[in-house]
Amino acid sequence: MRIIGGSLKGKVIVPPAALKARPTTDYAKEALFDILSNEYEFDDLKVLDLFSGTGSISYEFVSRGVGHVWSVEMNPLHASFISSEARRLGISNLTVVRHNVFDFLPLCREKFDIVFADPPYALDGLETLPDRVFAADILHPGAYFILEHGDEHSFTTHPHFLKEKKYGRVHFSFFEN
């Protein structure tokens, strides 16, 4: 796994074998950040990365110059790996929050410019994530919530749904506040 753009482009991330995460493919990541770079100036954005896994998406945001990223990851091994990689890469504007996303959302008091979620595709309750994010009132007006998911879910009828982009088996559903 590698960082594909920005100041840290080309840096390699090697998660330990014990990490059981499904990182977003480089192809899908590149497409996602192409979309976002056409719609956002990354400087000083506040980003929330839910179900951070290896931290791959968080590192991409930091590499592109966002102000701060909060990575929420429940698994202690994964959270520790994200923290250690951030230190290794010299990243100081990434905060790892070791918490269950479903429990974290109602407690969160920050407002974000982008909220990204990459839950396990078979996660119980995945279909409730858009409603939970909007109920938590954590997005600035006009901000995106982006949910990565597989073919088995469709969010096109959700009231905040904006668009869906597909890259192989990876789907990104965009919602707007």
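Helices (H or I, at least four residues) and strands (E, at least two) are DSSP runs, numbered from the N terminus. The expected span of a helix is 1.5 Å times one less than its number of residues. Residues are numbered from 1 along each chain as its sequence is written. This is a predicted model, where local features need pLDDT of at least 70, side-chain atom pairs count only at pLDDT 80 or more, and totals for chains, interfaces and linings use all residues; side-chain values use heavy atoms, without hydrogens and water.

**Helix 3**

Helix 3 spans residues 76-89, 14 residues in total. From first C-alpha to last it reaches 20 Å, close to the expected 20 Å. Its buried residues (under 20% relative accessible area, 1.4 Å probe, protein chains only) are His78, Ala79, Phe81, Ile82, Glu85, Ala86 and Leu89. They lie on the same side of helix 3 because they cover an arc of only 160° around the axis, taken from the directions from the axis to the C-beta atoms. Gly90 follows helix 3, and its phi is positive, near 75°.

Seven strands form an open sheet in the order 3-2-1-4-5-7-6, with mixed pairing. Two strands pair if DSSP finds at least two bridges between them. Strand 3 and strand 6 are the edge strands, each pairing on one side only. Strand 6 and strand 7 run antiparallel, joined by six bridges.

Two helices pack on the sheet, as tabled here. Contact means heavy atoms within 4.5 Å. Axes are lines fitted to C-alpha atoms, for helices over the stretch in contact, and angles run from 0 to 180 degrees between N-to-C directions.

| Helix 1 (residues 26-39) | strands 4, 5, 6 and 7 | about 145° with strand 6 |

How values were computed
Buried < 20%, exposed > 50% of the residue type's maximum accessible area, 1.4 Å probe, protein only.
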